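Me: Can you take a look at this one with me? I'll paste it in and ask as I go.

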Amino acid sequence: MQNRIRIALTVSVTVLIIALIASAVFNRALKKSLPEYEGEVYAQNIKDNIDIYRDSAAIPYIVAKNDEDAAFGLGYLHAQERLFQMDLLRRSAEGRLSEVFGTRTLPFDEMFLTVGIKRFAQESISKLNPEALKILKAYSNGVNEYIHSQKGKYPVEFDVLGYEPYDWKPEHSLMIIRMMAWNLNLSWWTDFAFIKLVKSLGEEKVKEIYPDYPENAPFIVPSSNEVKDINTSMAEVDKNFREFIGSSGSHIGSNNWVVDGKKSVSGKPIIANDPHLGFNMPGFWYAAVIKAPNWDAAGVTLPGTPCIAIGKNNNISWVFTNVMADDADFYQETLDAKKQKYFCDNEWHDLKKIREVIKVKDSSDVAIEIKLTHRGPLIDAVHPFNIVYKGDENKVKFVSMRWTGNDFSDELYSLIRINKAQNFGEFKQAVQNFSVPGQNFVYGDKQGNIGYVFGARLPVRDNSSPTMIFDGSSSKNDWKGFVPFNEVPVLYNPGEDFIATANNKTVADFRYHISNIWEPSSRIVRIKELLRSKDKHSVNDFMNYQMDQFSPYAREITKEILSAFEGISIKDPNLKLTLDLLAKWDCNIDKGSQSAAIYEVFLTQFFQNVFLDKMGSSLYNDFVTVANLPYRSIVKLMANPNSDWFDIKKTQVREDKKANIRKSMADALSFLENRMGDNLTYWQWGSLHKGLFKHTFASTSSFVDKKVNIGPFELGGDGTTIFNTEYSFNTEKTGSTAFDHEPFEGYLGPSMRFVYDFANPDEFYLVLTSGQSGNILSPHYKDQFEMWLTGKYLKINTNIESIKRNKVLTILKQS
């Protein structure tokens, strides 16, 4: 799939570039859409004039006399800097990619039309809170003002693909929010993986590796069905889409923490956040400062949506991480022979049917029929999920999907109220409206209070651990509503004087199921080690913590490695030196570390000798798609050193845990010697672990790559460090999945870093991955990258008087 897309893009992009270079207008073609940062423009649909100042990093200060004009200004700015990015996301949600990319993106369009993000948005507009709708309309007017005024001067991506953007509607912003929810929805991948594993290996064997969260690891709040064969092609389509859109990786989480004044050098709360998302160009976030009489907030925004997502106002600050909520379930459905009805509770029920037509570039339209049960859509509309029951050939099983993202919720209103909240009570009330993507909201305020609110809508299920696909012939496994907000976890001014989250388990004992896909406890363990390491912390401390590359997980695995070689005669000089290095290693996954390189290569070999050896390539690739599964499963397995999982099938002897570790280390050294030579001096982690920020047009030609990408660049860290830099455990390229990457290629990490000290209310610290602009020739396309890579920050002053001497763009009301 991806190869065909890249080949087609290569042809179209290369042909256009040759033509542009030949006529000496290539740079002019790029520069024509560079935004104007000063001057005057006239606009309709505003109540009063809007002033937009920018600092040296192109971070805008929107000064408006009312909320609607502030939202209009933000919409105008988003369109100025990120129009193609916004258009690509809304097209994805609407099932309109194929209008631009042709038949190659048909599976993506089919998937999202089936999932129903467009249906949700269209049905939700009339249900929104009036304040949210008012802001949405004003924001859309701002986007459209830019679209209409810039006709013929759109970003170069539109020229390459040969189309123009259509008008922005309020429902498009709802789609962007739901697309983020889909991006963070990972639990269903594990559902499919474990079903296939149980079918292939048996329930008892799979139980051994089903990951448990360590009971003694930190929490945020102190204190089998019948298995049948299923076709999981939708998971492959989704993986390919994520690669296409720039959302690779499965450690899609974050770190956040806050300390109160007792634990800060300044005597006031300090709060920090770094969300982890896939490496792409441009980045996910756009920084902004909003100044209106009733709306004074600053931080990062999500292009396509009209408010501050993470940031501060004059009284509070808020940050969040992914809850990792299990917010989707799947049901095996029985259809009649004509596929017009489905069977539930001893009755046949009519399927709801929706017809959609996908327009396809340079091809005929494609009509699809979407069928829905009372739970949700049948996902066979994407690819067949049919199962024939033995003994009854007329009854065919299909799979339906129930997802919280298809239930109405008003996240935009929630965020607007958070932007304006003055205290914890108002903040908590605002979070009540937040459903998907489920988030751990961490809070601080200028009065010195800190808090946590669980921001997710949890289904009430009879089954406390719904990892398998349910039998849809009975409503017994249907959701019984959602957990009442007054029962979700909340924390306020804890005795430890800090709160931290890192996608770890929320609470030790909770009567409702939240998740089975918690991240390994390594990051939260390290964060709490750092927060407990000294009495008081500063902003500089927090910046250093966000760059921290020490791995508690590596600390435990290294102990196992050294233990496995105790009493063993070592003759190989590189093995002897390796063990010497590991014994002295501080477990920092530094890019210049030989020990880190040896450890990481060992880990991949260990996973393959334990899991790949038994599962085979296809099942193994499914299993490691959500990378926290092998991380957590191997820890559980090592408590049983004689497990059959440690025996390597291709050898003549039976291995236990220690023997498998020794074999895996030998394999790791062979890999490193073949790849990097016999001299350990050159075995540096950064030489293997390289990141690359990719544009949608990446890999079309080396000329284009130099223009649109950043990298490759050396990275430290891994999926268990605070500075999270995930790589794939599938180190062999199969060509069958978009999650194929170069061995150890880093493709996910902090999408921005934010630090705020309430002692200095008019400033906060921030860095994005690349820059504010999505325009390739803009000086702000990648001006923040080196800062992001080296742990430096912009200091953003939110006092408007300090910025008024800068250039200003005034949007004047059209008379």
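Reply: A note on terms before the helices: axes are lines fitted to C-alpha atoms, for helices over the stretch in contact, and angles run from 0 to 180 degrees between N-to-C directions. Also, this is a predicted model.

Me: Fine. At what angle do α13 and α14 pack?

Reply: Helix α13 (residues 411-420) packs against helix α14 (residues 424-431) at about 170°, and their axes are 8 Å apart. Angles over 145 degrees count as roughly antiparallel, so α13 is roughly antiparallel to α14.

Me: Which residues make the contact?

Reply: From α13, Ser414, Arg417, Ile418 and Lys420; from α14, Glu426, Phe427, Ala430 and Val431. They divide into four nonpolar, three charged and one polar.

Me: Switching to α15. How many of its residues are buried?

Reply: Eight of the ten residues in α15 (residues 522-531) are buried. Among them are Arg523, Ile527 and Leu531.

Me: And what covers them?

Reply: The cover includes β4 (254-259), β5 (270-278), β22 (498-501), α16 (539-546) and α17 (552-564).

Me: Now strands. How do β11 and β12 pair?

Reply: β11 (residues 328-335) and β12 (residues 341-344) pair in the antiparallel sense over two bridges, with Thr334 opposite Phe343. The two strands form a hairpin with five residues between them, and Lys339 in the turn has a positive phi of about 60°.

Me: What about β12 with β13?

Reply: That pairing is antiparallel too, over four bridges. Tyr342 stands opposite His349 in β13. The hairpin has two residues between the strands, and Asp345 takes a positive phi near 55°.

Terms used
Residues numbered from 1 in each chain as written. Predicted model: local features only at pLDDT ≥ 70, side-chain atom pairs only at ≥ 80, totals over all residues. Heavy atoms only, no water. Parallel < 35°, antiparallel > 145°, perpendicular 65-115°, else oblique. Contact = heavy atoms within 4.5 Å. Nonpolar A, V, L, I, M, F, W, Y, C, P; charged D, E, K, R; others polar. Buried < 20%, exposed > 50% of the residue type's maximum accessible area, 1.4 Å probe, protein only. Pairing = 2+ DSSP bridges.
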